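Here is a friendly walk through one structure, written to be read with the viewer open. Please turn the model as you go and follow each stop in turn.

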There are 2 protein chains.
Amino acid sequence: MARMSAAPAAALGIDLRVLATSRQESAAQVVSDVCLGAHDDEHAVLAFADGCDVVTFDHEHVPGPILEKLEARGVAVRPGPRALVNAQDKAIMRRTLEGVGAPVPAWRIVESSAHAQDFAETVGYPFIVKTSRGGYDGKGVWRVESASHLDAVMSQPLPPGAVWLAEAAVPFTQELSAQVARSPSGQTAAYPVVRTVQTEGICSEVVAPAPGLDPDRAVEAQRIALDIAGALDVTGMLAVEMFDTGHEIFVNELAMRPHNSGHWTIEGAITSQFENHLRAVLDLPLGSPNAREPAAVMVNILGGDVGDLYSAYRHVFARDPGVKVHLYGKEVRPGRKVGHVTAVGSDPQSLLLRARHAADYFSGAINE
Amino acid sequence: MARMSAAPAAALGIDLRVLATSRQESAAQVVSDVCLGAHDDEHAVLAFADGCDVVTFDHEHVPGPILEKLEARGVAVRPGPRALVNAQDKAIMRRTLEGVGAPVPAWRIVESSAHAQDFAETVGYPFIVKTSRGGYDGKGVWRVESASHLDAVMSQPLPPGAVWLAEAAVPFTQELSAQVARSPSGQTAAYPVVRTVQTEGICSEVVAPAPGLDPDRAVEAQRIALDIAGALDVTGMLAVEMFDTGHEIFVNELAMRPHNSGHWTIEGAITSQFENHLRAVLDLPLGSPNAREPAAVMVNILGGDVGDLYSAYRHVFARDPGVKVHLYGKEVRPGRKVGHVTAVGSDPQSLLLRARHAADYFSGAINE
């Protein structure tokens with residue numbers, strides 16, 4: 001994420017400093033001003049922030065106490081710790097969302113599998129069990145099918161500071177993401193609502209705008225995201241991941257940063273999520289979030305058997321001079337997101353075929 | 001130019017190394033791998049090239065002997081010195097272009113003002129006098145109005161290695177630029193032909209595609225550029241600047257690198273000139289050069305009285321959420337190109353008004 005912020009930062013003449021654990025990290029490869037250190041090392045974060053006008057994030061894992069210390073020193077932390085905690089802790093997020101009237105699935109904090117069993121009696125099997133903290137890319141989330149499955153899941157250790165959550169399984173027809181940018185001055189910009197496709201808990205594809213989504217429901221999704229951004233005083237980009245049942249929308253997760261569901265905006269929107277995140281956290285007027293073409297699709301490149309991604313360019317580029325490829329400079333590991341492919345145009349189905357072909361060729365799933 | 005190559009290099013996962021005289025240079029600010037040194041210092045260039053797969057340029061000023069030494073060491077120099085000399089020396093370029101049948105104005109190497117006076121008798125006043133080397137942005141070019149003016153111009157010292165050229169003044173109705181990319185394998189891609197507007201010898205505006213240009217003449221301009229790229233064995237981007245008289249096209253200048261007339265391609269084309277330059281010099285298949293919208297305009301931001309460009313963002317972005325701004329991180333000096341503004345859409349005239357307003361606000365020419 002930080003790597004993809006380097007391009008709009010350079011275009012706008014904004015000096016970007018990155019905190020990274022090594023020079024080989026994805027963003028550190030392409031940014032000249034790198035501070036080495038860990039995001040959970042208070043000394044490293046404070047030293048990094050020294051001289052920065054604004055500190056922002058491409059993940060939610062910087063501990064709240066460190067963010068509060070930064071704020072106490074007068075550093076502009078955007079989003080601030082009181083907003084960010086809602087992206088760090090799903091129990092706090094659920095409570096906050098209920099408080100602002102956002103639609104959420106039935107949920108409960110559960111302290112034992114017996115307690116979760118009570119919940120199961122109201123919503124039935126299968127239902128969802130999550131850890132409130134420490135999950136990502138499908139980790140820390142289980143679709144529980146039976147009492148014995150529930151016992152097995154909840155016998156695992158919780159991450160530090162986490163509690164167990166039980167949630168009703170929402171019978172969704174598609175998953176949506178509604179992204180908005182919000183500045184400290186309160187200006188907001190809402191991107192078109194997109195369809196996200198998850199494969200084994202990892203985002204695999206995004207289609208913008210979400211195909212077949214009723215226009216009124218799209219506006220409702222944008223309104224929900226704008227309401228959350230305002231109520232939580234979010235600054236920067238907010239992604240609200242939602243379930244669409246065909247009749248109703250429920251909020252699933254929040255991310256307060258540029259998000260995988262918005263990578264299509266680099267080519268597909270007038271202003272990318274990365275540029276608007278920078279503009280928002282700097283309290284500059286936001287750029288237009290409107291789409292440039294009738295459709296855009298993004299397909300993630302997941303690590304496969306092939307360690308050398310570069311060699312795929314000959315085939316991919318010769319076959320399709322119109323796809324746009326982003327590689328992250330990450331070491332290839334099976335299932336790891338190592339890049340993405342975007343295609344823009346008019347017909348989402350043909351764009352998906354093109355982008356999937358390219359992504360599958362990079363991952364080694366196909367070789368012709 | 002090198003600064004704007006950083007974004008596609010990061011997207012494609014290509015490691016970029018820059019030779020710069022200081023860390024404060026425009027490109028050096030945004031690239032992590034910087035070698036300090038001068039482009040005409042043989043030792044610095046050779047040390048810089050050590051470990052590079054390909055060496056390329058964002059200007060034409062690296063001396064030929066250094067490039068030949070690089071090639072002798074087995075470094076891939078793209079474009080190569082035999083192509084590049086045509087962008088370094090206008091006398092060589094004119095002779096080469098005549099050799100390949102490209103249309104050029106009547107011209108002659110002149111050794112004295114008496115000799116140039118002979119030329120004037122065939123083409124009449126005013127005509128053009130140039131130095132074959134060392135000119136840029138209107139420097140080294142004079143529109144000579146009279147014999148006494150001619151004497152004054154030619155009494156100036158010539159740059160090292162340069163000769164005087166006399167050329168017929170072409171009564172053009174517009175200036176055009178035809179850009180093509182060409183790879184070592186010989187693949188080519190031709191961008192839409194654009195109108196360039198020069199103010200006091202400096203490119204001020206570009207409109208893509210060139211408004212009112214006859215489609216047959218546009219194809220002719222692309223064909224001329226492709227012919228030149230092939231005949232000269234250009235690798236990377238080639239810009240052919242042309243005069244359009246309304247009846248005929250004449251080639252004015254060549255640039256073998258990303259060029260100011262192609263900045264609009266960052267937002268306006270499927271593949272930017274910066275990405276296709278990288279793809280070409282790496283001998284990767286080229287990306288589509290097609291326009292994404294019916295029209296795109298680019299207006300340069302020239303340095304004015306205001307040293308702090310950043311403060312203009314509040315007004316510029318609040319007034320127009322759709323313009324795209326690129327600042328180069330250069331110290332502001334009057335008349336210096338310090339950034340540009342791009343607007344894409346359907347009506348070039350309204351796009352120009354928007355982009356000019358933003359550029360004029362940055363330069364301080366207007367303040368509301």
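## A helix pair in chain B

In α4(B), the residues Val85(B), Asn86(B) and Ala87(B) meet Ile92(B), Met93(B) and Thr96(B) of α5(B). Please keep in mind throughout that this is a predicted model. By class, the residues of this contact between α4(B) and α5(B) are 4 nonpolar and 2 polar, with no charged ones.

How do the two helices lie relative to each other? Helix α4 of chain B covers residues 81–88 and helix α5 of chain B covers residues 90–99; their axes come within 6 Å and cross at roughly 110°. Angles of 65 to 115 degrees count as roughly perpendicular, and α4(B) and α5(B) therefore have that relation to each other.

## A four-stranded sheet

Staying in chain B, you will find an open sheet of 4 strands. Its order is β5-β8-β6-β7, and the pairing is antiparallel. At the edges are β5 (107–110) and β7 (141–144) of chain B, each of which pairs on one side only. From one strand to the next, the twist averages 25°.

Now zoom in on one pairing. Strand β6 of chain B (residues 127–131) and strand β8 of chain B (residues 164–168) run antiparallel and are joined by 5 bridges. Which residue of β8(B) stands opposite Phe127(B)? Ala168(B) does.

## A buried proline in a loop

Pro289(B) sits in the loop that links α10 (273–281) and β15 (295–302) of chain B. Is Pro289(B) buried or exposed? Inside 10 Å it has 23 C-beta neighbours, so Pro289(B) counts as buried; the cut-off is 20 or more.

Leaving aside residues up to four places away in sequence, Pro289(B) touches Ala181(B), Ala189(B), Ala190(B), Tyr191(B), Ala269(B), Thr271(B) and Asn276(B). For another reference point, take Ala44(B): from C-alpha to C-alpha it is 35 Å from Pro289(B) in space, and the two are 245 residues apart in sequence.

## How the two chains are related

Next, look at both chains together. Chain A is superposed on chain B by a rotation of 180° with 0.0 Å of shift along the axis, and the RMSD is 0.0 Å. That is the relation of a two-fold axis. To locate the axis from chain A, go to Ser32(A): its C-alpha is the one nearest the axis in that chain, at 2.0 Å.

## Where the chains meet

The contact involves 31 residues of chain A and 31 residues of chain B. In chain A, α1 (2–12), α11 (313–319) and β16 (324–327) each supply at least two residues of the side that touches chain B. The largest share, 6 residues, comes from α1(A). Sorted by class, this side of chain A has 19 nonpolar, 8 polar and 4 charged residues.

Why can the copies be said to meet through the same surface? Because 100% of the interface residues of chain A are also interface residues in chain B.

## A closer look at α1(A)

Helix α1(A) is mostly covered, with 10 of its 11 residues buried. Among the buried ones are Met4(A), Pro8(A) and Leu12(A), along with Arg3(A). The cover comes from both chains: it includes β1 (17–20), α9 (265–268) and α10 (273–281) of chain A, and α1 (2–12) and β16 (324–327) of chain B. Just after α1(A), Gly13(A) has a positive phi of about 70°.

Methods. Residues are numbered from 1 along each chain as its sequence is written. Chains are lettered from A and ligands numbered from 1 in the order in which they are written. This is a predicted model: local features need pLDDT of at least 70, side-chain atom pairs count only at pLDDT 80 or more; totals for chains, interfaces and linings use all residues. Copies are superposed by least squares on the C-alpha atoms of residues with pLDDT of at least 70 in both. Two residues are in contact if their C-beta atoms, placed from the backbone, lie within 7 Å. Ala, Val, Leu, Ile, Met, Phe, Trp, Tyr, Cys and Pro count as nonpolar, Asp, Glu, Lys and Arg as charged, and the others, Gly among them, as polar. Two strands pair if DSSP finds at least two bridges between them. Axes are lines fitted to C-alpha atoms, for helices over the stretch in contact, and angles run from 0 to 180 degrees between N-to-C directions. A residue is buried if 20 or more other C-beta atoms lie within 10 Å of its own, exposed if 12 or fewer, and partly exposed in between; C-beta atoms are placed from the backbone. Angles under 35 degrees count as roughly parallel, over 145 as roughly antiparallel, 65 to 115 as roughly perpendicular and the rest as oblique.
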